[in-house]
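Please keep the structure open beside them as you read.

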Amino acid sequence: MPEIKVTPLGAGQDVGRSCILVSIAGKNVMLDCGMHMGYNDDRRFPDFSYITQNGRLTDFLDCVIISHFHLDHCGALPYFSEMVGYDGPIYMTHPTKAICPILLEDYRKITVDKKGETNFFTSQMIKDCMKKVVAVHLHQTVQVDEELEIKAYYAGHVLGAAMFQIKVGCESVVYTGDYNMTPDRHLGAAWIDKCRPDLLITESTYATTIRDSKRCRERDFLKKVHETVERGGKVLIPVFALGRAQELCILLETFWERMNLKAPIYFSTGLTEKANHYYKLFITWTNQKIRKTFVQRNMFEFKHIKAFDRAFADNPGPMVVFATPGMLHAGQSLQIFRKWAGNEKNMVIMPGYCVQGTVGHKILSGQRKLEMEGRQILEVKMQVEYMSFSAHADAKGIMQLIRQAEPRNVLLVHGEAKKMEFLKQKIEQEFHVNCYMPANGETTTIFTNPSIPVDISLGLLKRETAIGLLPDVKKPKLMHGTLMMKDNSFRLVSPEQALKELGLAEHQLRFTCRVHIQDPRKEHETVLRVYNHLKGVLKDYSVQHLPDGSITVESILIQATAHSEDQGTKVLLVSWTYQDEELGSYLTSLLKKGLPQSTA
Amino acid sequence: MKLHYCLSGHPTLPCNVLKFKSTTIMLDCGLDMTSTLNFLPLPLVQSPRLSKLPGWVLKDGSTFLDKELKECSGHVFVDSVPEFCLPETELLDLSTVDVILISNYHCMMALPYITEYTGFTGTVYATEPTVQIGRLLMEELVNSIERVPKAQSASMWKNKEVQRLLPVPLKDAVEVSMWRKCYTMPEVNAALSKIQLVGYSQKIELFGAVQVTPLSSGYALGSSNWIIQSHYEKVSYVSGSSLLTTHPQPMDQASLKNSDVLILTGLTQIPTANPDGMVGEFCSNLAMTVRNGGNVLVPCYPSGVIYDLLECLYQYIDSAGLSNVPFYFISPVANSSLEFSQIFAEWLCHNKQTKVYLPEPPFPHAELIQTNKLKHYPSIHGDFSNDFKQPCVVFTGHPSLRFGDVVHFMELWGKSSLNTVIFTEPDFSYLDALAPYQPLAMKCVYCPIDTRLNFIQVSKLLKEVQPLHVVCPEQYTQPPPTQSHRTDLMIDCQPPPMSYRRAEVLTLPYKRRYEKIEIMPEVTVPVMRNTFSPEERYSVIC
């Protein structure tokens, strides 16, 4: 039986290092190639030796698909393609292709220049890796090879994020990447058509959360920022340069404008302006409202938000700073955090999910004494707030997507095992489909039952639909034909054509049945009675009484003889060919019931 | 059986209908605007010259038409709101059209007439740039006609008996009873709301019977050719394609292979001109005029070739010493057009895409605007009149010279031989366009830039993709009427192309012998097990 095999190398019952292998109809596809932010050793990248021990990856994988530019989805790409070695195609959307190398370079700088690691990928490797990338449009059907095709759908989440459908023949898999089912201030909601995939691989970051309305969260966020600034405190918002940052900037910008606030807002790193520029140029990927008004007013041109300088952190007075990276695991956000952590007037707002092992995760889980490098203990007195702004679908959203796509199986990745368990039950209950949640390295096998495409000769199709009454679209119809297989493809043709092509002689198969009828009259009178009876019952058929004394119904022959021993019993011989089996057996059963008593 | 209805006689503004597997598909919705050349221009400010034109008098001296028709330098013009020649609406019931496929923004200008007046209830498919820029073109059209309300509406001349008496070209104008006034913005919005956006190589299923796919055609932002196919039949609709490298994504030729029928429309209108040479001539004429202290007027559409012209000027102005000459782009949609051009990175050629990745705006006109070399205004009224400095270069519409801000500049600059009008758009004959402004002292330069396929490229393309049959407008099967000796200016292929003309119906050849169905895998089991012959297995199924 055909099967689809899925093995997560990362993101199996975990968040981070997304990397999922899918085998479908003999094709192998790798979905995402991410790094894990919680680790600094070998575990940060997926274990590619799982794919093949000594062969070349290019020979084994038909293509690699990257869903969006977040590093936990693309951070291992240069390592994978340049250091392990892969020369096949890598697919991603245009914005992802544009932004991905910048984040990779940023990541490389932090790892190599700041932490002094060696044996890491180089800038040149990032460039070489990006040369293997093929950019795809939304909804474009990309033919990877003769059989394998992929198609991208809008996923919300971040600029350029996409879900991908992978299809071979009638079998298909949809991989969601990260997605968001509610539009936010800068992006639209994910959308997919009712494509009924055999398997839907969905993220499940917020598997158990049902979030309140976005407006409430926004109001909360603004209130907290406002209060802190009013009492002279400093607000640190760790973000990733692209994504949430732009949404929160739009939010604060409009709030500052409306409330006429004077406290400065800064955005760290040189990426900001560049990042906003990407948003301006890829405005078709943002939400309806921004797209509609961009000619009059580009939402990504900020008046109140200025570039941050390292020295500003020691300035007195209130300020709001957006700093990267978002999980406080390194870089500028961590530096500022260390400076401000000791003052209870200050506040840090974590607007997104934090991976285990990061400082962000530690403070969110309530830890107030952190061990930093060099055994130094940092006491956290500043307020720590968590606001779920990360654009992942919540439980409701995940269910909604399943309803939209109508998959036959669901597989959960990119989430925590305990939460997945809960969602899995809910999905199985509500949709009556199997739901899987493999751990990293664990293979899930799904059996499919794809229909088989067959070429039917037009002559046969027309002949078969013309037989009998007008075609009724609501009723099934029986069809006769000969199925031929040649060079691995099927054809359905008429028996005559098949015989001709195969050079076979036709054998006639006839059924003959005797039906006894009690009738003392002469033979030809019995025949006449039978004829009249059949003519009365079978109004739609051609019933004929032939001069030689036999009756034909279409091509079925009926003859009557007297019984050799009992003259009062007549024997009806009913004879039909194999092709007329249906009518022939119907006639016999009709005649067996006997003739009606009075046939005038 | 496939049927092909031709509703438009204009080969570059096609409107065809294809009946294929019980679906009715309209291919493009072009609006023939050459009819406006028969009308007087709509001046933005009262023009004494135009209002003093004498009424036309018949040979026998009767003057009953002198209110409707005016004479200017030997030509007769209708003094009324300009009207357009619509596609045929009587040839078949247009309410039965299931879908409309749009190939580029120039070929959708008749859309509101079709979707709003024929009982059409289907869907229109087009790419995002096509829709956005198409909307801008329609907006500009509606705006430039509505802002100059005209009290008079001439209709007497359309009477068949009367039309017979008129001088050419009015006498020979076809289907004048079908000519219609411009649509309104609410109609444009209603029409555009029926469009569904599609991307290149997106497979769209129509009722499970037919699959349609847009392919990049290389002619304009978002321009597409269409593949219409079932499992065993493939019709390619090639409309407005270009093999030149300008700003759009290159043409996808490979996907056109194995077509049973290839419908070929939208070839270049100026087959004898080389677009590159024309651009060079454009620049040198522009520079010469400005150096002599004259102004340059470029009648143009607000999108398309203007992007390429601005890019050429960007590279040219400093070396030609034109850095201090102001360039004005005047159109109600000038700003939108310039902004929109920068956000369609995915639809641009590779070079421009790479710029976006940096991230930099793909078109250099962003820099021209930033450095104040290029200024854009919604109209000549308002800010423009304060900033206006001469000598200057003005890009403005409409290329027919019958409405829009261009009319004002023709009246303003026409009297001086220092000034030059440079025609770059190929849609209108420049002599006809100029007729109501005669006599004219201004210099006229004709540099038509039409990047669409020429006949050499067509024959190469056909050799490459090898369609079984070619179908094209009759104009492409014979040399142009003015150059009847140029037998190279026609389509040459084997078998010879099937041609069509306005209001004609063709039956497309080609019969299929097989159809695709799907069966359950269980049915195939006996065949797989049959060991009769490993090459040819069969089983009888009931």
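1. First, the terms for the sheet: two strands pair if DSSP finds at least two bridges between them. Helices (H or I, at least four residues) and strands (E, at least two) are DSSP runs, numbered from the N terminus. With that settled, I330(B) stands opposite T396(B) in β19(B). Strand β17 (residues 327-330) of chain B runs parallel to strand β19 (residues 393-396) of chain B, and four bridges join them.

2. A word on conventions. This is a predicted model, in which local features need pLDDT of at least 70 and side-chain atom pairs count only at pLDDT 80 or more, while totals for chains, interfaces and linings use all residues. Residues are numbered from 1 along each chain as its sequence is written, chains are lettered from A and ligands numbered from 1 in the order in which they are written, and side-chain values use heavy atoms, with hydrogens and water left out.

3. Which order do the strands of the open sheet in chain B follow? The six strands run β18-β17-β19-β16-β20-β21, with parallel pairing. At the edges stand β18 (374-377) and β21 (443-446) of chain B; each has a single partner strand, so one side of each lacks a neighbour in the sheet. From one strand to the next, the twist averages 20 degrees.

4. Helix α12 (residues 406-413) of chain B packs on this sheet, touching β16 (296-299), β17, β19 and β20 (420-423) of chain B. Contact here means heavy atoms within 4.5 Å. The direction of α12 makes about 150 degrees with that of β16(B); axes are lines fitted to C-alpha atoms, for helices over the stretch in contact, and angles run from 0 to 180 degrees between N-to-C directions.

5. Is N285(B) buried or exposed? N285(B), in helix α6 (residues 275-291) of chain B, is buried, with a relative accessible area of 17%. Buried means under 20% relative accessible area, exposed over 50%, and partly exposed in between (1.4 Å probe, protein chains only). Not counting residues up to four places away in sequence, N285(B) touches I422(B) and V445(B). C447(B) is 162 residues from N285(B) in sequence, yet their C-alpha atoms are 9.7 Å apart.

6. Helix α3 (residues 128-146) of chain B has 19 residues, which at 1.5 Å a residue should span 27 Å; its end C-alpha atoms are 27 Å apart, in agreement. The expected span is 1.5 Å times one less than the number of residues. Of the 19 residues of α3(B), 14 are buried, so this helix is largely enclosed by the rest of the structure.
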